[in-house]
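Please keep the structure in view while reading.

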Amino acid sequence: DQQVKQNSPSLSVQEGRISILNCDYTNSMFDYFLWYKKYPAEGPTFLISISSIKDKNEDGRFTVFLNKSAKHLSLHIVPSQPGDSAVYFCAASGDNDYKLSFGAGTTVTVRA
Amino acid sequence: NAGVTQTPKFRVLKTGQSMTLLCAQDMNHEYMYWYRQDPGMGLRLIHYSVGEGTTAKGEVPDGYNVSRLKKQNFLLGLESAAPSQTSVYFCASNYYGTRYEQYFGPGTRLTVT
């Protein structure tokens, strides 16, 4: 039973526009959330994270929003660039837990 | 630094054969992990280790064994491969202090026929 869900397998967006990726979780013990980016034939790389004590975290073009009451987080990429075309994984962890639970991923395609 | 490396990159096995996947990291990380990635399933944790000589089961450990004899290496073994173990395998590692931000290797694509 997946505790982290990314219900949109794919997203296509025009270059320069905003990409919004969504992630839902079911485990109320999760208190730290991460986004990873993965290119074909490479391993995932860490992108941005957020602790449950915050509701927003920004890093350049990437912003993650957390809504604890809805058990929902989103990743905004503004503006989207061709190099952003990749698979994005949402992940979550509970306090004092070494392990990450991953969502199934969303494939983002940025059109020129 | 090479970061996290995985050997081999590709492998085809017949059902019942055995093999070992090697993960090596040169970042002096305490924690190491083995995941498998399947279409529509994301990454699922197979086994992990919080230090040399220690291992623990993850979400999908059946059919796999692991060993961490040296801090920098984490081996994943398949004793009797099955078609259901066809997958892409990723190794990851991190420091105790940054335990959530894991560094991943490039992956091993395994096909069991």
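Buried area is the accessible area, taken with a 1.4 Å probe, that two parts lose on being put together, summed over both. The model is predicted: local features need pLDDT of at least 70 and side-chain atom pairs count only at pLDDT 80 or more, whereas totals for chains, interfaces and linings use all residues. Residues are numbered from 1 along each chain as its sequence is written, chains are lettered from A and ligands numbered from 1 in the order in which they are written, and side-chain values use heavy atoms, with hydrogens and water left out.

Between chain B and chain A the buried area is about 1700 Å², and carbon and sulfur atoms give 64% of this area. In terms of contact (heavy atoms within 4.5 Å), 19 residues of chain B meet 23 residues of chain A. On the side of chain B that touches chain A, strand 4 (31–38) and strand 5 (42–49) of chain B each supply at least two residues; strands here are DSSP runs of E with at least two residues, numbered from the N terminus. The residues of that side comprise twelve nonpolar, five polar and two charged, where Ala, Val, Leu, Ile, Met, Phe, Trp, Tyr, Cys and Pro count as nonpolar, Asp, Glu, Lys and Arg as charged, and the others, Gly among them, as polar.

The pockets come next. A pocket is an open set of points on a 1 Å grid over the protein atoms alone, where a 1.4 Å probe fits, with protein on both sides within 12 Å along at least five of seven lines; lining residues have an atom within 4 Å of a point. Grid points are joined across faces, edges and corners, and a volume is the space filled by probe spheres set on the points.

The largest pocket has a volume of about 600 Å³. It is lined by 31 residues, of which Lys38(A), Ala41(A), Gln37(B), Val88(B) and Arg109(B) are the closest to its centre. Strand 11 of chain B gives the largest share of this lining, four residues. By class, the lining holds 15 nonpolar, eleven polar and five charged residues.

The second largest pocket has a volume of about 310 Å³. Among its 19 lining residues, Gln3(A), Leu100(A), Ser101(A), Phe102(A) and Glu59(B) are the closest to the centre. Two or more residues of this lining come from each of strand 10 (101–102) of chain A and strand 5 of chain B.
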